[in-house]
Amino acid sequence: MNIAVVGTGYVGLVTGVSLSEIGHTVTCIDLDRQKVDKMKQGFSPIYEPGLEELMTKNIAAGRLFFTSQHSEGFKEADAIYIAVGTPERFDGTADLTYIKAAANDIAEHITKQVVVVTKSTVPVGTNDVIQNILSAGTDVECEVVSNPEFLREGSAVHDTFHGDRIVVGSSSEKAAKLMDDIYAPFNIPIFHTNVKSAEMIKYASNAFLATKISFINEIANLCDSLGANVEDVAAGMGQDDRIGSKFLNAGIGYGGSCFPKDTSALVQIASNVDHEFNLLRAVIDVNAHQQALPVHKIKEHFGGSVRGKKIALLGLAFKPNTDDMREAASIVVSQELILSGAEVVGYDPIATENAKKVLPEIMEYADSPEEATEGADAVIILTEWDEIKQLDLGLFTEKMLEPVVFDGRNCFDLKDASKHNIVYYSVGRPSVGKVAEKV
Ligand SMILES: NC(=O)C1=CN([C@@H]2O[C@H](COP(=O)(O)OP(=O)(O)OC[C@H]3O[C@@H](n4cnc5c(N)ncnc54)[C@H](O)[C@@H]3O)[C@@H](O)[C@H]2O)C=CC1
Ligand SMILES: O=C(O)[C@H]1O[C@H](OP(=O)(O)OP(=O)(O)OC[C@H]2O[C@@H](n3ccc(=O)[nH]c3=O)[C@H](O)[C@@H]2O)[C@H](O)[C@@H](O)[C@@H]1O
């Protein structure tokens, strides 16, 4: 099949490349010419494990193309995917500017009958808006299908090939059949529903996962006060099939380009129909508190002030295996620490260049965990990169005078931490070191 993908961000590029890998001829379109030039040569503009290998392979096989011209991309297309951003606006609603622009681009440039597939996360009812733009802008017949995306950054390629389900929302049997044909080689169950339900499945899924995280973080905070260990609590809960063990990792909350914006958007979608989504508001509040937790803990350790202290942040991206800094906890933590008079140095294996664009200018950056830790008064672990999880805790005793570590991702075993002469705080687990002795 001939497929065009509008927008080559995390979703568009991974989708386009994966569809070419299963045999379709795919043209990825992006407004950003620099990006397009890079991609034509097989370089991915984003860090995503496994992606570049598939790009070069399928470019060489003559199945994968890149262009900044919509007319060129749409020429032969049987299906056009919309995968542009739907960022959060200042009031929490989803900004549909790029979606509407993409729909107008399609209306302007299509010359043959096509199915328009919305991959972007859009509020319930948006596909009707897209259909209206198309109907008003072109006489060419086109049907709109909602096909929300569930991939995670950092494992996007794997998730695309091994998803639990593909959701297709459509009011046309013909369009639904075309989607079945496109996805057949993936061999993943396809769930068919109507357009609005498909749109809602995406928000409900992200909101539910965010709720699971905030729930376990609240339990972790209780464990902290009551002396229980949240890891054991989550393991014990997770053995119940009805609860499940996934997404019960306590830590410094969720970041990224989707949970924060999609939870806010769903609260707004609800308020449009006079529904107060109190549960989701609480999930968002808990997360805001959780992202700032390392700052509170470290201040408490130093008697209320971090003025003049050198603090090393290990891991800056919102999660491991990505260079994405959107809504990363490191943004809140670095800003708060710097405002409180601390000297902050950051280290990330991949995201440093993107971090420099969003973290306070005064931040410094190190090229290794060792360099970041040298002479630090405290270390805060913000992202559980393998490289960070595999550090020898002896590093902290070697590089720091009085080692204090706040582990926001529970990377280390408490028994291991207790073998070293460090003060070790984590989330929802007993502290180790001098502080623990004091209690
Ligand atoms: N990032 C993720 O892991 C996931 C994102 N989503 C959703 O997918 C959508 C896309 O997200 P990302 O890939 O993160 O976005 P992104 O912001 O990384 O990429 C969007 C791309 O679209 C391009 N673009 C914008 N308007 C265009 C137009 N008219 N024609 C051609 N190109 C255009 C931009 O230049 C940019 O490269 C969002 O709605 C998001 O909520 C869904 C699941 C996972
Ligand atoms: O709509 C989206 O964009 C995507 O959002 C999330 O994917 P992503 O944000 O890439 O990454 P996750 O692995 O879900 O992690 C999100 C955040 O939650 C945090 N998290 C995750 C799991 C957990 O147990 N605890 C926890 O704190 C992570 O550290 C990270 O900051 C969803 O998992 C995807 O299904 C969805 O497609």
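## Helix 10

A residue counts as buried if 20 or more other C-beta atoms lie within 10 Å of its own, as exposed if 12 or fewer do, and as partly exposed in between, with C-beta atoms placed from the backbone. Helices are DSSP runs (H or I, at least four residues), numbered from the N terminus. In helix 10 (residues 230–238), the buried residues are Val 230, Glu 231 and Ala 234. Seen down the axis of helix 10, they fall within an arc of 105°, so they line one face of the helix. The arc is that of the directions from the helix axis to the C-beta atoms. Asp 232, Ala 235 and Gly 236 are exposed on the other side of helix 10. Helix 9 is among the elements that cover the buried residues. Contact here means C-beta atoms, placed from the backbone, within 7 Å.

## Model and numbering

This is a predicted model: local features need pLDDT of at least 70, side-chain atom pairs count only at pLDDT 80 or more, and totals for chains, interfaces and linings use all residues. Residues are numbered from 1 along each chain as its sequence is written, while chains are lettered from A and ligands numbered from 1 in the order in which they are written.

## Helix 11

Helix 11 (residues 259–272) has 14 residues, which should span 20 Å at 1.5 Å a residue; its end C-alpha atoms are 20 Å apart, which agrees. The expected span is 1.5 Å times one less than the number of residues.

Buried residues of helix 11 include Phe 259, Pro 260, Lys 261 and Asp 262. Thr 263, Ala 265, Leu 266, Val 267 and Ile 269 are buried too. Their cover includes helix 9 and helix 12 (278–291). Just after helix 11, Asp 274 takes a positive phi of about 55°.

## Shell of ligand 1

Ligand 1 is surrounded by 26 residues; the closest are Gly 7, Gly 9, Gly 85, Ser 120 and Thr 121. A residue is near a molecule if its C-beta atom, placed from the backbone, lies within 6 Å of it. Helix 5 (97–109) and helix 1 (10–21) each supply at least two shell residues. The largest share, four residues, comes from helix 5.

By class, this shell has twelve nonpolar, nine polar and five charged residues. Nonpolar means Ala, Val, Leu, Ile, Met, Phe, Trp, Tyr, Cys and Pro; charged means Asp, Glu, Lys and Arg; the others, Gly among them, are polar.

## Shell of ligand 2

Around ligand 2 there are 21 residues, the closest being Glu 153, Asn 249, Tyr 254, Gly 256 and Cys 258. Helix 9 (residues 195–226) gives the largest share, three residues. Domain 1 (2–193) and domain 2 (201–289) each contribute at least three.

Notes:
Domain bounds come from an automatic or database domain assignment. Two residues are in contact if their C-beta atoms, placed from the backbone, lie within 7 Å.
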